[in-house]
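Good morning, colleagues. Please keep the sequence and the model in view as I speak.

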Amino acid sequence: MKIQGRMFIWLSFFILIMAIVYGVWSKEPAGTTALFLAFGLSIMIGFYLGFTARRVDAGAQDDTEADVADDAGELGFFSPHSWQPLMLGFGGAIAFLSIAVGWWLIYFSAPFIVIGLFGWVFEYYHGENRTQ
């Protein structure tokens, strides 16, 4: 994680220089503001990664003599198949369609969104994935 933190810190300094140069040359406030915000975001990510790297063990990416196989192994738990994102996507599509068609349509999307949200949150409390 140390190398990723350093990369983001260097990236943030580059973005800061580009924001200053862009702001002076173009005198355009929207792009200059966006570049300064990108600087702020990248410096926050860089400091977070550097802060976290001091508290965790060194990974294979921090070792210059490491092989690709040294970073192999379990990456974490990933959810198996789930129908809840489809339900939320359908409800969200109807909700955004209500902006164009009419606000009354949002009443039909609310049950899909609520059912999909509750189903996704409580997915591992019932059914075949209950023990995971």
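This is a predicted model: local features need pLDDT of at least 70, side-chain atom pairs count only at pLDDT 80 or more; totals for chains, interfaces and linings use all residues.

Ala19 lies in helix α1, which spans residues 2-26. Helices here are DSSP runs of H or I of at least four residues, strands are runs of E of at least two, and both are numbered from the N terminus. Residues are numbered from 1 along each chain as its sequence is written, and side-chain values use heavy atoms, with hydrogens and water left out.

Is Ala19 buried or exposed? Its relative accessible area is 0%, so Ala19 is buried. The term buried means under 20% relative accessible area, exposed means over 50%, and partly exposed is in between, using a 1.4 Å probe and protein chains only. Leaving aside residues up to four places away in sequence, Ala19 touches Thr32, Leu35 and Phe36; a contact means heavy atoms within 4.5 Å. Between Ala19 and Ile9 there are 15 Å in space, C-alpha to C-alpha, and the two are 10 residues apart in sequence.

**The first helix pair**

Two packed helices are described by the angle between their axes and the distance between the axes. Helix α1 and helix α2, the latter covering residues 29-53, cross at roughly 165°, and their axes come within 8 Å. Axes are lines fitted to C-alpha atoms, for helices over the stretch in contact, and angles run from 0 to 180 degrees between N-to-C directions. The helices α1 and α2 are therefore roughly antiparallel to each other. Under this scheme, angles under 35 degrees count as roughly parallel, over 145 as roughly antiparallel, 65 to 115 as roughly perpendicular and the rest as oblique. By class, the contact of α1 with α2 has 18 nonpolar, 10 polar and one charged residues. Here Ala, Val, Leu, Ile, Met, Phe, Trp, Tyr, Cys and Pro count as nonpolar, Asp, Glu, Lys and Arg as charged, and the others, Gly among them, as polar.

The loop between α1 and α2 holds Lys27. With a relative accessible area of 68%, Lys27 is exposed. Its phi is near 55°, a positive value in a residue other than glycine. Most residues other than glycine have a negative phi.

Helix α3, residues 84-101, packs against helix α4, residues 106-121, at an angle of about 155°, with the axes 8 Å apart. The pair α3 and α4 is therefore also roughly antiparallel. Among the residues of α3 in this contact are Met87, Leu88 and Phe90, and α4 contributes residues including Phe112, Leu117 and Trp120. The contact of α3 with α4 divides into 12 nonpolar, seven polar and no charged residues.

Leu117, in helix α4, counts as partly exposed, at 46% relative accessibility. Leu117 and Phe13 are 104 residues apart in sequence, and their C-alpha atoms are 40 Å apart in space.

**The whole chain**

How many helices and strands does the chain have? It comes to four helices and zero strands. Buried residues make up 23% of the 132 residues. The C-alpha atoms fill a box of roughly 50 × 50 × 25 Å, taken along the principal axes.
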